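Thanks for coming. I will go through one structure today, starting with the sheet and then moving to a few side chains.

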Amino acid sequence: MLNIALPKGRLGEKVYALLSSIGYDCKEWDPDNRKLVFSDEAKGVSYFWVKPSDVAIYVELGAADLGVVGKDILLEYSPDVYELSDLKMGKCRMAVAAKKDFIDDTERPLKVATKFTHIARSYYAGIGREIRVIKLNGSIELAPILGLSDVIVDIVETGTTLKENNLEVKEEIVPISTRLIANKAAYRFKKEGIDRLRSLLETKL
């Protein structure tokens, strides 16, 4: 059996549809059911729903052989897993945003609000800019509006939320998309099955 962790929500459903299209469908599957684990012995596959930010943990610790996770999670937490394929879903970008009239005062540390503290520190260390990180978990856009921070580092999809709050992207850090990851031990012991699934997936991408 291949045990696959899928992120809860629309992205997980899209990934399941993709896997189903290459023969990894599951007769128990029902997205409207509150059940968390769906298995199909005949197909040799088991799926379970996981909070998106937890997928990499389930894979790293071996509860799942494979998982589907955003590149942002891999960059932020550096889990000890294999990154197998870019599924080209959930495309967005990690970016620096600020008020439209923001001018950086390089004489003092830049105040950066974000939930992606590792990505922010790595990015600014790479360009030699001293920063002070303010860790927030939600409504990041509010920080520069209220003067809590100078800039934010966050995921940007359409940019609509930024525009509506008089903010704009100042710098793009890295493109983000959904990745297929594997547990390292599982990849050794189930290599043939995992490689087959990956090869079939890549014919659809």
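Strand β1, residues 2-7, pairs with β3 in the parallel sense, over six bridges. This is a predicted model, so please keep that in mind throughout. One place to look on this pair of strands is I4, whose bridge partner in β3 is Y47. As a reminder, strands of a sheet pair through backbone hydrogen bonds, and they do so either parallel or antiparallel.

Now the whole sheet. In what order do its six strands run? The order is β2-β3-β1-β4-β11-β5; the sheet is open, and the pairing is mixed. The edges are β2, residues 37-40, and β5, residues 82-86. Each of them has a single partner strand, so one side of each is left without a neighbour in the sheet. From one strand to the next, the twist averages 25°.

Next, the helices on this sheet.

Let me turn to the aromatic rings. How many aromatic pairs does a search of the whole structure find? It finds eight. Take Y16 and Y47: the ring centres are 5.2 Å apart and the planes are at 85°, so this pair is edge-to-face. Y16 lies in helix α1, residues 10-21, whereas Y47 lies in strand β3, residues 45-50, so the pair ties together parts that are 31 residues apart in sequence. Both Y16 and Y47 are buried.

A second pair is W29 with F38, and this one is tilted: 5.2 Å centre to centre, with 50° between the planes. W29 has a relative accessibility of 17%, so it counts as buried, the cut-off being under 20%. F38 is at 1% and counts as buried as well. These residues belong to one aromatic cluster, formed by Y16, W29, F38, Y47 and W49.

Now a charged residue, D65. Where is it placed? D65 sits in the loop between α2, residues 55-60, and β4, residues 66-70. Is D65 buried or exposed? It is buried, with a relative accessible area of 6%. The side chain of D65 makes a polar contact with the side chain of K190, at 2.8 Å. Setting aside neighbours within four places in sequence, the contacts of D65 include M1, L2, N3, I181 and A186.

Why does Y123 count as buried? Its relative accessibility is 19%, and buried means under 20%, so Y123 falls on the buried side of the cut-off. Leaving out neighbours within four places in sequence, Y123 is in contact with V96, E171 and I173. With one of these, E171, there is a polar contact between the two side chains, at 2.4 Å. For a sense of distance, Y123 and R34 are 89 residues apart in sequence and 40 Å apart in space, C-alpha to C-alpha.

That is the end of my part.

Key
Residues are numbered from 1 along each chain as its sequence is written. This is a predicted model: local features need pLDDT of at least 70, side-chain atom pairs count only at pLDDT 80 or more; totals for chains, interfaces and linings use all residues. Side-chain values use heavy atoms; hydrogens and water are left out. Helices (H or I, at least four residues) and strands (E, at least two) are DSSP runs, numbered from the N terminus. Buried means under 20% relative accessible area, exposed over 50%, partly exposed in between (1.4 Å probe, protein chains only). A polar contact is a pair of N or O atoms within 3.5 Å; within protein, one must be able to donate a hydrogen and the other to accept it, and residues adjacent in sequence count only if both atoms are side-chain atoms. Contact means heavy atoms within 4.5 Å. Rings of Phe, Tyr and Trp (its six-membered ring) pair if their centres lie within 6.5 Å; planes under 30 degrees apart count as stacked, over 60 as edge-to-face and the rest as tilted. Two strands pair if DSSP finds at least two bridges between them. Axes are lines fitted to C-alpha atoms, for helices over the stretch in contact, and angles run from 0 to 180 degrees between N-to-C directions.
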